Amino acid sequence: MSGIGYWLAKERGGQETRFMKRFAPTHWTVNFPRPMMAGVVTTAPDALRVDAVFYGSGDLAGLIWEAEDKWSHKLLAYETARDFRDCVLRFRWRSGGLRRLDQTHGPTLTIEGRDAEGHARSWYVRLWNYANGDAEDTEIVLDFSSVEGGFLLPEESDPVWAGDIDRMFISLAPPDYDAGDTVFATGVEGWAELSGIRCDGAGSVLAVGDVVVPEHGLSMATGYDDCLNQTPERIVGAIHALGYRGDINHYVGMSHYFRLLPVGGGHAVTLEGGALNAPCAAWHADFARRAKAMGLGVIWSLSYELFDAHCPEAWKQRAENGDPALTGWTPPSTLLSPAHAGAMSYLQAVASSFVTMALSEDIAVKFQVGEPWWWVMPADGRICLYDDAARAALGGSPVSIPDVRGTLSAGQKALLDAAGAILAASTASLCAAVKGQAPGAVTHLLAYLPTVLDPLAPEAKRANMPVDWAEPAFDVLQLEDYDWVTQGRRRLTARGVEEATARLGYPIERQHYLSGFVLAPEDAAQWREIAGEADAAVRRGTAATFIWALPQVARDGFTCFRLDGEEDMQAFDDIVFPLSVGREASLSPAFSTQIVESPSGHERRTSDWADARLSFDAGPGVRSEADIAELIAFFRARRGAARGFRFTDPFDDRSCAAGGTPDPMDQRLGVGDGIRAEFQLMRFYGEGEEAQARTITRPVAGSVRVAVDGVEQLSGWSHAGLGVIAFDAAPQEGAVLTAGFRFDVPVRFAEDRLDINRATFAAGEAPSVPLVEIRE
């Protein structure tokens, strides 16, 4: 067997390295404030280009080089080197549509670090002071051993101490920059090119990770909003180096791809001049070229989600009281109404731009409708299908649904069905527009299972997984459920995949699965669940499995690999040992303790196992020749010691005292935190914190009883397998969870040989049938 394994790389530890020049074009980044936009691409091994669009007189972008690599995966990062004193940087500068080098507020190199005494400070180096040419086409040379800040030299000289630098950036501003807040009537586009980039000197070479992870069968998902600050060459190179293959599932974003026009003191998206702003178009064209060069495809993902501040008010989904559908991101995004013709036409125009890009770069057109849904307010279950366009499409006065969770009336269900039909019609139109432009396009639907199949809102799927999406509405069904995954709710994942498959009819070979993601670095332990669900998706035959997403993978050092020829799951037959041994069987619990004795006779004891491992001899249960025949048949079926099975311990098989009836208050199950929904059955021996804990993986079917705060729960939970109790809804914070149960011990035959002598058995001697507990 094989499977997916992983580790979290905190730093390189003997892996391959190479060397690169400091200031390599691939590793510059950009940063800028909203609402402006900028992007950087590499144009040659020694050149890069920055495109920007400015919307106000105070907009300013930075082209950044950092002494510490904060963006690469740990195995691909360049070394941290803060001393620039021995470096000389040369490049040709060309620009257009920007503040010129010779003007005030022209391109300036800001250097941030510490002076020779260790005090934090910044220097402002006017590039024009180091230029040899005109103000928009010149050669620049910066010798960091003698570079000086200040506008006029030598009058305003501010010598730079370049021995302890954190970062430096070149500022890019529009021609009418004045550090103010004047709004431009339309976006102002500008660009700058650095070519012939060369760094010389003793500090000009950096070690950089050169790891190439073997292919592991998984693919990568990215999002433009999270990686637009980096060059596409760096992004695609990292994906390939980390072993990901197939298609890159690329979310084109919800907050940076569009063009804007000033509206009512803010800005709103527009199609004037095209759907995509210039930096976005340049970045994605280069992204497509880089992916093609690496043998990777691109699935362009476009969702109904849009940055709220730039979304026209009439386009937004709304709750019954008029509240807009706002996601939980900061700053928030909103959801476009599938019933609004203008909003849907806008999405079709955006999709057309990316299809045109794919066709021009000669890559296969693959398009995803990403997470289209009617938003449900997480706090109170209000569904947002009451915007003006939706009301009109739903008959003018749709019935009220105060809470989509729980039991709904026939009229409310009919409304959800009608809303689902509107949603399906909108996605069909979007896909038809794509295929009209590229008849061979492969269309994908991404459904987010925790919302569309929420166990607390069983009728919501009428609106958010409409039957009109059923095969063959799309070519591929993509499923995502990162909330369930990171919360360890494996049962819901499996059930959600089954329900989506049954409802929409896409066979597993036409399904994709997106596993992840880890939102915060302090939650890096969640990668275990993500890798586990990715492995489960591969095992069930999913056509492609994606890890979501690259920025989090790089941040936490997530490194995936395939386990070939190893069994990560023990072979186990879920049946009970067939002979009743009663109390005549022998039992041997064993721990493993390392004991070191000093010359004085004192001991140091280290316990290797948290739980005892049990051994049994079931021979006394063999009482007749018929029992012998049954034992031999059972032994052969298990292939000796190869396969495990259940064994009922005659001395300890329940959560209470021997011979008692299990009570739901017997054993601690856990304490609710409002998020976690799955808890492992445990059997405790002893009292308090010192009690020895035993994991129970094989409870007897029908024996488990569960209580919350002392009240037995007859519903709302189930046994998800291997002793995991899964609640339909996460128990509230502070709720005390307990359980009672009977259980069997997972065991195997201790040996591959079974010795039975008929003569000695007939004389009254029981055979030896040794069994040993297996860990699960």
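L514 has F546 in β28 as its bridge partner. Helices and strands are DSSP runs numbered from the N terminus, with at least four residues (H or I) for a helix and at least two (E) for a strand. The model is a predicted one, in which local features need pLDDT of at least 70, side-chain atom pairs count only at pLDDT 80 or more, and totals for chains, interfaces and linings use all residues. Residues are numbered from 1 along each chain as its sequence is written, and side-chain values use heavy atoms, with hydrogens and water left out.

The pairing of strand β27 (residues 511-515) with β28 is parallel and comprises 4 bridges; strands count as paired if DSSP finds at least two bridges between them. Between these strands comes helix α11 (residues 527-539), and β27, α11 and β28 form a right-handed β-α-β unit. Right-handed here means that, with the strands pointing away from the viewer, the path from the first strand over the helix to the second runs clockwise.

β28 also pairs with strand β17 (residues 219-223), again in parallel, through 3 bridges. In this pairing A221 is opposite W548 of β28.

How enclosed is strand β28? All 5 of the 5 residues in β28 (residues 544-548) are buried, so the strand is largely enclosed by the rest of the structure. Buried means under 20% relative accessible area, exposed means over 50%, and partly exposed lies in between (1.4 Å probe, protein chains only). A544, F546 and W548 are buried on one side of β28, and T545 and I547 on the other, so that both faces are covered.

An unreviewed UniProt entry annotates residues 214-558 as "domain: Non-contractile tail sheath TIM barrel". UniProt positions are in the numbering used here, feature names are shortened, and annotations may be inferred rather than shown by experiment. In the model, the span 214-558 is 38% helix and 18% strand, and its end C-alpha atoms lie 14 Å apart.

Another pairing is that of strand β8 (residues 108-114) with strand β9 (residues 120-126), which is antiparallel and has 7 bridges. I111 is bridged to W123 in β9. The two strands make a hairpin with 5 residues between them, and G118 in the turn has a positive phi of about 90°.

The structure contains 0 disulfides, a disulfide being a pair of cysteine sulfur atoms within 2.5 Å. For C311, the nearest cysteine sulfur is that of C384, 13 Å away. C311 is buried at 5% relative accessibility, and C384 is buried at 0% relative accessible area.
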